[in-house]
Amino acid sequence: MEKFEKLTGVAAPMPLVNIDTDMIIPKQFLKTIRRSGLGVHLFDEMRYLEDGSENPDFVLNRPPYRKAEILIAGDNFGCGSSREHAPWALLDFGIRCIISTSFADIFHNNCFKNGILPVILRAEEVAFLMDEARKGENARFTVDLERQQVTAPDGTTFRFEVDPFRKHCLLNGLDDISLTLEKAPAIDAFEAKASRERPWV
Amino acid sequence: MTSPKTLYDKIWDAHVVHEDDDGTCLLYIDRHLVHEVTSPQAFEGLRMAGRRVRAPDKTIAVPDHNVPTTEGREDPAQMTEESRIQVEALDRNAREFGIHYYPMNDIRQGIVHIVGPEQGWTLPGMTVVCGDSHTATHGAFGALAHGIGTSEVEHVLATQTLIQKKSKNMKVEITGRLQPGVTPKDVTLAVIGATGTAGGTGHVIEYCGQVIRDMSMEGRMTVCNMAIEGGARAGLVAPDETTFEYVRGRPHAPKGAMWEAALAWWQTLQSDPGAHFDKVVTLKGEDIEPVVTWGTSPEDVLPISGVVPAPEDFEGGKAEAVARALEYMGLEPGTRLTDIEIDTVFIGSCTNGRIEDLRAAAEVLKGRKVKDGLRAMVVPGSGLVRAQAEEEGLAQIFVDAGFEWRLAGCSMCLAMNPDQLAPGERCAATSNRNFEGRQGRGGRTHLLSPAMAAAAAVTGRLTDVRALI
């Protein structure tokens, strides 16, 4: 997993609430057996017209946002299915950070497994950043994970909370499985105890 | 004296392998269910790291999302190349890693969340995960069950644990009794209507109250299945005699002395009196009407007697979302829900693909016909549900009414197989999500109960089933 320390880039505004994982990556693209290559299908049904050409009105097709690395999104981003193809598609497009008032639980988890930082801010803070993001190309935001702060183009800074363990993993690009396997003796001990107490499992 | 615990607290405590100072826990997983869409990258990860599946005897795989539901589906021509590759990858991975497997041509094959309980893999007090958000279904047994992403699938395959932080406790109580024609699907949709799709975020819901106690296991599974649509990590129902009766004698349920030992523990799995809940929602069973969704989020739900709302009825970002939803759905504010004409009816899915759902729909369809020109299909949740429905004569009722009688799979719930809506096609569906494009690009979905779906099939529009029973 790629580390996430500090990111400076353009942020795309997506004020719609309840952006679900079917919107982020429609099911016809879940048939891959790979993790990469999904960026071209990100937000497919909003991003492309019936004939396959780009929808010029969609935010990520507009010049300032084609290389956006941050999304500022409406409430409850990533609701719906558990598909990790959603963060894979965002990452493949180049999005490394999403800022919203709230995220769906599984999507929120999946981001951290893929080097994407989901930032939760208060409604008025997200609204302020949304307006700043609408300014486009010159509107560069900085997200600093170590200091847990987002800096808007005008210098306004908002602090965010993040789980210390997840922060540690993201800052260092750590693989969860290796970390857990260090605790193999504890898992062995648990299994031995469980097989005595709940042998039917 | 220890403080009173909720059911969630008890199951959680029984599965903590290790706890860090900051509360991050390593949680042991008793059952890992696997399907073909969210697992290939996880198995590939194991292979690349030279890892094995730690507990193959606790890992159960079945293909469901991609499989065709028409006769002769073993013919590769029925699947797209990509679907076939995914199903074949699961076949190969199941064999290579030595996990339990129900291939497409096995009568026990079906939707993973129907197969698990049916085969007795899901038991009270367990932790159950699957790379699928509707894993919440298994909470009906008093098992802590939730969906995970593919990285976590790989983590569970390799370690049989998950890194977790504990969620908050939420109680949803449904008191009293349901009126005739009101079903578990109406209950679960009504709860989401009351709490919103983010109302349960960060929580595990325990459903309780007389309405839940009176429900069958099939009904409880329908309720818990949609806990995720309310944003909750999981839904739970405390196990009782109804649960034990359902589990007893299933192929992988404990037997003999082991059954007695298990039962003794299961009977302790209730929230203690005075246990703390961070959030409490109470609904009166008598107040719940048959409901349908009108928009593109499961929270966009109203009693069938209602009218399509206007964007101005909502505030903030939701007003914009409603305007977008109404345009997508092709609906005008003020339209009576019962005036909405439909093109297609889909009965099935992990929400409503069990025997009781088929019985409820058949009850309405008996001696009636599907409206001319309407496409109607019923997709049983497993091969065994299908066989039972044939034995009970339900299949014949569906066929006589004009329904297509399909083989088991996820089918048109998410349209990864050939069962899809065309742009603009309007469907009354017993599934769980009405998101844009969910059932096919441009397709319009109204979520409802199996009985309501059957009523809509007969009249050709959204209909109050109470007029037909």
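Chain A holds eight helices and seven strands. The model is predicted. Chain A touches chain B, with 47 residues of chain A in contact with 60 residues of chain B. Chain B contains two open sheets described here, one ordered β5-β4-β3-β6-β7 and one ordered β17-β16-β15-β18-β19.

**Chain A overall**

- The C-alpha trace of chain A spans about 60 × 40 × 25 Å along its principal axes.
- Chain A has 201 residues, and 47% of them count as buried.
- Among contacts in chain A with a separation of 6 or more, 68% join residues 24 or more positions apart.

**Strand β2 of chain A**

- Strand β2 of chain A covers residues 70-73, and both of its faces are covered.
- A:Ile70 and A:Ile72 are buried on one side, while A:Leu71 and A:Ala73 are buried on the other.
- In a regular strand, side chains alternate between the two faces of the sheet.
- β2(A) pairs in the parallel sense with strand β1 (residues 6-14) of chain A, over four bridges.
- In that pairing, A:Met14 stands opposite A:Ala73.
- β2(A) also pairs in the parallel sense with strand β3 (residues 97-100) of chain A, over three bridges.
- Here A:Leu71 stands opposite A:Ile98.

**Where the chains meet**

- On the chain B side, several elements each supply at least two residues that touch chain A.
- They include the strands β1 (16-19), β2 (25-28) and β8 (161-164) of chain B.
- Helices also take part, among them α2 (40-49), α3 (81-97) and α10 (256-266) of chain B.
- α5(B) gives the most to this side, with seven residues.
- By class, the side of chain B that touches chain A has 22 nonpolar, 23 polar and 15 charged residues.

**The sheet with β3 in chain B**

- Five strands of chain B make this open sheet, in the order β5-β4-β3-β6-β7, with parallel pairing.
- Its edge strands are β5 (100-101) and β7 (144-147) of chain B, each pairing on one side only.
- Strand β3 (residues 31-34) and strand β6 (residues 127-130) of chain B run parallel and are joined by three bridges.
- B:His32 stands opposite B:Val129 in β6(B).

**The sheet with β15 in chain B**

- This open sheet also has five strands with parallel pairing, in the order β17-β16-β15-β18-β19 of chain B.
- β17 and β19 (444-447) of chain B stand at the edges with a single partner strand each, so one side of each has no neighbour in the sheet.
- Strand β15 (residues 344-347) of chain B pairs with β16(B) in the parallel sense, over four bridges.
- B:Thr344 stands opposite B:Arg375 in β16(B).

**Helix α11 of chain B**

- α11(B) has 13 residues and reaches 18 Å from its first C-alpha to its last, close to the 18 Å expected at 1.5 Å a residue.
- Its buried residues are B:Gly317, B:Lys318, B:Ala321, B:Val322, B:Ala325, B:Leu326 and B:Met329.
- Seen down the axis of α11(B), these buried residues fall within an arc of 165°, so they line one face of the helix.
- The buried residues of α11(B) pack against β19 of chain B.
- α11 (317-329) of chain B also supplies at least two residues to the side that touches chain A.
- B:Gly330 follows α11(B), and its phi is positive, near 65°.

**Helix α15 of chain B**

- Helix α15 of chain B runs over residues 394-401, and B:Leu394, B:Ala395, B:Ile397, B:Phe398 and B:Ala401 in it are buried.
- These residues cover an arc of only 160° around the axis, which puts them on the same side of α15(B).
- They pack against α13 (355-365), β16 (375-378), α14 (383-391) and β17 (404-405) of chain B.
- Just after α15(B), B:Gly402 takes a positive phi of about 110°.

**The largest nonpolar core**

- This core has 205 residues, and B:Val345 and B:Ala361 touch the most other members.
- Helix α16 (residues 450-459) of chain B gives the most to this core, with eight residues.
- Leaving aside neighbours within four places in sequence, the contacts of B:Ala361 include B:Ile347, B:Val378 and B:Pro450.
- B:Ala361 is also in contact with B:Ala451, B:Ala453 and B:Ala454.

Notes:
Residues numbered from 1 in each chain as written. Chains lettered and ligands numbered in written order. Predicted model: local features only at pLDDT ≥ 70, side-chain atom pairs only at ≥ 80, totals over all residues. Buried ≥ 20, exposed ≤ 12 C-beta atoms within 10 Å, placed from the backbone. Arc of directions from axis to C-beta. Contact = placed C-beta atoms within 7 Å. Pairing = 2+ DSSP bridges. Nonpolar A, V, L, I, M, F, W, Y, C, P; charged D, E, K, R; others polar. Expected span 1.5 Å × (residues − 1). Core = buried A, V, L, I, M, F, W, Y, C linked by C-beta atoms within 7 Å.
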